[in-house]
Protein chains: 2
Amino acid sequence: MITIDWKPNKQDKTPIYRQIIRYINDKIAAGDWPIGSRLPSQRAMAEAFGVNRSTIVSAMEELISYGILESGFGGGTRVASNTWSLRMSQPPDWNKYIASGPFRANLSTIQTINKMEFEPGYIRIGTGELSPELYPGRLVSKIFRSMPERIPNLGYLGPLGLPELGKALSAWLKENQGIDADASNIMVTSGSLQGLQLVSVCMLKRGSNVYTEAPSYLKSLQIFQSAGMQLSGVSLDEEGLQYWHIKEASNDALLYTIPTFHNPTGTVMSQVRRKEVMGFCQKQRMPILEDDAYGQLWFDEEPPKALKSMDKTGSVIYMGTISKTMAPGLRIGWVVGPEAVVYRLGDVKMQTDYGASSVSQWMMTELITSGDYDIYLQQLRTELKARRDYALAVLEKHFAGLATWNKPEGGFYIWLRLRHKVSMDKVFQDALKAGILLNPGNMYDYAENHAIRLSYAYADPEDLSRALASLAAMIEKHLKR
Amino acid sequence: MITIDWKPNKQDKTPIYRQIIRYINDKIAAGDWPIGSRLPSQRAMAEAFGVNRSTIVSAMEELISYGILESGFGGGTRVASNTWSLRMSQPPDWNKYIASGPFRANLSTIQTINKMEFEPGYIRIGTGELSPELYPGRLVSKIFRSMPERIPNLGYLGPLGLPELGKALSAWLKENQGIDADASNIMVTSGSLQGLQLVSVCMLKRGSNVYTEAPSYLKSLQIFQSAGMQLSGVSLDEEGLQYWHIKEASNDALLYTIPTFHNPTGTVMSQVRRKEVMGFCQKQRMPILEDDAYGQLWFDEEPPKALKSMDKTGSVIYMGTISKTMAPGLRIGWVVGPEAVVYRLGDVKMQTDYGASSVSQWMMTELITSGDYDIYLQQLRTELKARRDYALAVLEKHFAGLATWNKPEGGFYIWLRLRHKVSMDKVFQDALKAGILLNPGNMYDYAENHAIRLSYAYADPEDLSRALASLAAMIEKHLKR
């Protein structure tokens, strides 16, 4: 929790250890370093402040003598008090508050990833995002130029979002996915992650089962677990989710699935399996939450249409987004479902953030209605396919004896299954030290695994090649031990 | 829930009652009208479809004979089944799902308001939003033109938001509010409503007390109640919240306050009261959640600085936003607090919507750093003051015998307290019929009241004048009964 991003000024007349005392005291007084927090080791602090360890020892001793720090049992130093005098006013016990609330913290690996993604100098071989090199700057500039004429004002919008975007999405979904949905069946969200969040807090009871593919992207989130639901993994084969493993009579349950270019395995559910899954769920009267973040990103041929396109009884809640195809920064997704469902979701959305950015919604409207989005997607498919081919060639070269993998027909991901057991935690940490940020497969799975989610969408292909070569060497070294 | 926005085609060869049967059947089959939903009255349907009541009766009879509709006990017709044959596949029982989940539905008055705000033809005399007439179109166009050069790409951002915006807010908060906060103490949110939502799910235990002014804007939301917390109203006088009514030893509690231009009463907490509240909370070690949505909107003199500016111990979580001063559609707010707190909030934000729109964040950055925002605020203050003066004059004319009210020194609201008891629900409904949308005071209060939240920010002043004249007449008529 505690980070040090300051160094004493060696030009200053105040002795360096005094400057450090003042810095630490200010941090504690401001509540930035809450009571009970553990300080970094003396060696780490010496390094962070750029001083000798003896200077740290002097500063620590003084702060301990004031009762501001204390030596913990079993080593380590902790924050004990936050004022020079305990009679002075005190901040709230933030650590207690921070530990409260039903929403769980992110998995620590994901916290690390979220943080390291913004540190320069790492090769990111698992990032589920398009490379900045693929950013269509000219297209976005064109959209920006059209905005002043498009936008009448930037007032609040209603529960379903910008009506113009609802209409545009209705037409586009019909054309692209064969999905029949009126604007009244479509709600705009701040990315499809928010669609999941809304479903978790307003459509399911505590203790309900949420079935998902195993492995699944959903497992890497804490959304449903934070709301008290149970995630149950359902195994996958090359045709998709093996629905027959779902227990019958699963009252109050929900099936979450990514049928097309599944995250993290890249699997596409076959047409036959789609029909079976639909039939099974309709018989069980179990709703399906279909996540179609990657469906547009096919290479050689169009995948089967979305489950929602076969949905004649209103059993499917469908989620789409522009985050994976072009611009996650817009934070725009859409949920399609029966009116009663989107009405409920919209009502809660109005209470949680009062809608998605209307600038983003207008930009999305322009992008779709101008036809520019479809043209852009065609170009993107070609570029992504070249990246996939390159990644597969690199794997063939370095991982042939070490792992097996799929050949994805679209989307971002290769699911690299190591042939032998190694500590994935160790691999993650060692890779990090070598400047490689990877997504270990156990983030996504219900049981231990030895897999890595690779993405050919983000890293520069040459960087990816170098990183995979060192990763292979690293894993070989582990195996030899 | 059920709305009819379709009419039969009188040119069509299919008999009209058959067209209606098909329309209703399609709606039910698609799950838009879930099983158990109640249909509008025959008269209302006849009106909505633009047909005779006898046509409706024929259609209903046929659908009832198929078992698709059923006559309810005590009148009314409900959806009984959703397929021609019960052996066919069925959609999930959406009504059951919709009623699940811990998040409560909005108060029904608010649902009505959220909906009617997008129906044309109503005069909105309570809307907490700037009039579209005050929209600075030229300024926003200028910001749009600067975007292509500003924005390098639209990728995902980290937990605290756009670093450039964090830096800009840090400098601006120092300059404008005397708040000392590094970028590492600031998290960008999708409007300050999201700040509240995040605090509700990750900083408080179920059963914790949240103290607020009575009345309070917070009461009109279900955020804390949905997360299992208790709201407790604390009375207000002309100097602000009467903190001495808060019970001591309120472990795990939080104080939510709008000290400046309070919503809905317009009150400004005095400097003396601010110091007392800060001292009281520090003694109790109770965190303060300070909502400063209106602080910039002063008329003649600057109000006292934010509580956060006096916060030397890190006891205050401060929330600001651009929604009330310029552009709610940007959906940009900010939370300022100890690093450990914003880190926790940011971690959960990453799991719920992965950040606010980065286009909105870049626009906000440009707005602040260019200095345009401060110039704009100066002009806005003059215009809002003129609107307030006009509203006060209108009230003097029509409400002198009927109500008492405050003279706000900033913000949007006049809290109109009726002198005599009338049914506020009746007033709301009658006003609605007369084309006036108002915010009844009981939405904001903990006990029954007879007040109305007026806003001079939204309605055109002449419309506001006409609406207030009819409202006064309406209330007088009620009192005479």
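Start by showing chain A and chain B together: about 8,800 Å² of area is buried between them, and carbon and sulfur atoms give 56% of it. Buried area here is the accessible area (1.4 Å probe) that two parts lose on being put together, summed over both. The size of an interface is often given in this way, as accessible area lost when the parts come together. Now select Y156(A), R285(A) and Q351(A): in chain A they lose the most area to chain B, together 9% of what that side buries.

A note before you go on: this is a predicted model, in which local features need pLDDT of at least 70 and side-chain atom pairs count only at pLDDT 80 or more, while totals for chains, interfaces and linings use all residues. Residues are numbered from 1 along each chain as its sequence is written, chains are lettered from A and ligands numbered from 1 in the order in which they are written, and side-chain values use heavy atoms, leaving out hydrogens and water.

**Across the interface**

Colour the residues that meet: 101 of chain A are in contact with 99 of chain B, where contact means heavy atoms within 4.5 Å. Next, pick K27(A) and E339(B), whose side chains form a salt bridge (3.0 Å, N to O). That term stands for a side-chain nitrogen of Lys or Arg within 4 Å of a carboxyl oxygen of Asp or Glu. Between the two chains the count is 2 salt bridges.

Which helix gives the largest share of the side of chain A that touches chain B? Select α11(A), which supplies 10 residues. Helices (H or I, at least four residues) and strands (E, at least two) are DSSP runs, numbered from the N terminus.

**Into the core**

Go to F399(A) and F399(B), which touch the most other members of the largest nonpolar core, a group of 181 residues. Such a core is a set of buried Ala, Val, Leu, Ile, Met, Phe, Trp, Tyr and Cys residues joined through side-chain atoms within 4.5 Å. Around F399(A), look for partners including W405(A), L416(A) and I475(A). Another core, of 66 residues, lies apart from it, with C202(A) and L196(B) among its members.

**A stop in chain B**

Finally, find S232(B) in strand β6 (residues 230-237) of chain B. Is S232(B) buried or exposed? S232(B) is buried, because its relative accessible area is 18%, and buried means under 20% (exposed is over 50%, partly exposed in between; 1.4 Å probe, protein chains only). Leaving aside neighbours within four places in sequence, S232(B) is in contact with N209(B), V210(B), Y211(B), T212(B) and Y446(B).
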